[in-house]
Amino acid sequence: MGSCGNQIAEEHLQQQKEYMEQIRALMAQRSEHPPAAFVDTYGCQQNEADSERIRGMLQQMGYHFITEEEKADLIVINTCAVRAHAEQRVLGNVGALTHTKRKNPNQIICLCGCMMQEAHMEEKIRKSFRHVDIVFGPHALWRFPELLHRKLTKGGRLFETAPSDGVIAEGLPVVRRDPPKAWVIIMQGCNNFCSYCIVPYVRGREHSRMPDQIVAEVEALVAQGYKDIMLLGQNVNSYGKDLALSIDFSELLRRLNRIEGDFILRFMTSHPKDASPRLFQTMAECEKIECHLHLPFQAGNNRVLKDMNRGYTKEAYLELIRQARQWVPDVVLTSDIIVGFPGETTEEFEDTLDVLRRVEFDALFTFIYSPREGTPAARKKDPMPKEEKQKNFQRLLDVQNEISARKHKAYIGKTVRVLVDGESGEEAYPLSARTKGGRLVHLAGDRDLVGTFAEAKITNASTWALFGTVEKRE
Ligand code: 5AD
Ligand code: SF4
């Protein structure tokens, strides 16, 4: 048996189920209409996956979901702390909820997610956002029914933000999005402490789910018709290191690849310090794993990388990319980059552009550094003026946009296998689809293709996407 020290015990989860039943009964007593909940999510896919659990618990408690805040009996805002911009948006929107609450004083407002786990946040919400009723961090997510029950029966304001090493709660109810896409969390937390990043402080240490649980979940999803399975973790390459089992991420992928059915396995995010040829070989040998590697390098200069505490050099990163391409020649490469890390000079930033030009990523996620209270980087001197950071950021976009446009253009005239994953709402290209490398295709074709694989002929391309028509259904 592997270690499950951070796995919540069955009896505790059972208690939460009882709270859910009690709330359902209470709500049925209070009104003949089912209560309405509004759930809003900021940030990454991990947060989206957490919100699916919040919705799952709410559904068990008898809630139905609406998209208008004013009419909601309960508002849940799942927040993100990774950059200041997201936080400001959250606080602005939470501030505006004073109006909905004035109209409906019984409305309950909950804030949860990473931002609520920040050390200084509780004080701020207590003092300046008095209309907020319940606050809890990611570690207390599984206790949401208990918190809501206490609020409904005893009133008052509740703050559940004690720091924690992180937890794994199995078997929470889930309301997922419709097929074909599903998120599967394989691990929580992060041990890396990159010097700019708040995530390890708010999500705790790395904890892997047991492989049998993950396999069972993916099997069930495939049986339900899900075809695009995204495995989530802050650093999936260190999957299993905390378990007393001899399993690593490659082995987990191989086990999942053996599940029968026509589906794709994707994963996010890989850290370069833990990515290895063993992973690339697994990608090459397992037909269900998409040929896409999201491998954030953040900065190209070795001094800056050291200051960021990233654990690799520019040369090591480029070597890793070489190996990835050797194993998976048509691998689609994407990355995250931070411009304007404290102390990074424009000369050092040239190394970031150099990596871009050498690797030629298919697409990038680019960010201007945002100081996060409590992280080492936030205490560093940051002399570069905002305008210079902005100028460097624009140069980065210019270099990448040219590369992305060129790479996308090379698809024109080709026929590629895609998974049609939804409707786009556009008239000329009513469908959206993804290639095996995860590139977005705006597709012309029948709406009944959603959820199926098809052969698509690429007819056009832009910097960000491909355009095509369905050539053959599968
Ligand atoms: N400022 C800017 N970008 C950040 N990221 C993480 N922390 C910060 C920060 N303080 C970016 C990194 C990471 C991505 C998810 O967000 O590039 O890979
Ligand atoms: Fe943050 Fe680094 Fe962990 Fe990613 S690997 S979540 S950037 S600390």
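Colleague: In which helix is the place of Ile23?

Modeller: Ile23 has its place in helix H1, where helices (H or I, at least four residues) and strands (E, at least two) are DSSP runs numbered from the N terminus. Please bear in mind that this is a predicted model, in which local features need pLDDT of at least 70 and side-chain atom pairs count only at pLDDT 80 or more, while totals for chains, interfaces and linings use all residues. Residues are numbered from 1 along each chain as its sequence is written, chains are lettered from A and ligands numbered from 1 in the order in which they are written, and side-chain values use heavy atoms, with hydrogens and water left out.

Colleague: Why is Ile23 called buried?

Modeller: Buried means under 20% relative accessible area, exposed over 50% and partly exposed in between, with a 1.4 Å probe and protein chains only. The relative accessible area of Ile23 is 0%, so Ile23 is buried.

Colleague: Which residues does Ile23 touch, leaving out those up to four places away in sequence?

Modeller: With contact meaning heavy atoms within 4.5 Å, Ile23 touches Met61, Tyr63, Pro145, Leu148, His149 and Leu152.

Colleague: How do H1 and H5 pack, and what is the hand of their crossing?

Modeller: Helix H1 (residues 10–30) and helix H5 (residues 144–154) pack at an angle of about 35°, their axes 8 Å apart; the axes are lines fitted to C-alpha atoms over the stretch in contact, and angles run from 0 to 180 degrees between N-to-C directions. The crossing is left-handed, a word used if the near helix is turned anticlockwise from the far one by less than a right angle, with right-handed used if clockwise.

Colleague: What makes up the contact of H1 with H5, by residue class?

Modeller: Its residues divide into nine nonpolar, four polar and two charged, where Ala, Val, Leu, Ile, Met, Phe, Trp, Tyr, Cys and Pro count as nonpolar, Asp, Glu, Lys and Arg as charged, and the others, Gly among them, as polar.

Colleague: What does the secondary structure of the protein come to, and why is the protein called as compact as a globular protein of its length?

Modeller: The secondary structure comes to 13 helices and 19 strands. The radius of gyration is 23 Å, close to the 23 Å that the globule rule gives for 474 residues, so the protein is as compact as a globular protein of that length; the radius is taken over C-alpha atoms, and the rule is 2.2 Å times the number of residues to the power 0.38.
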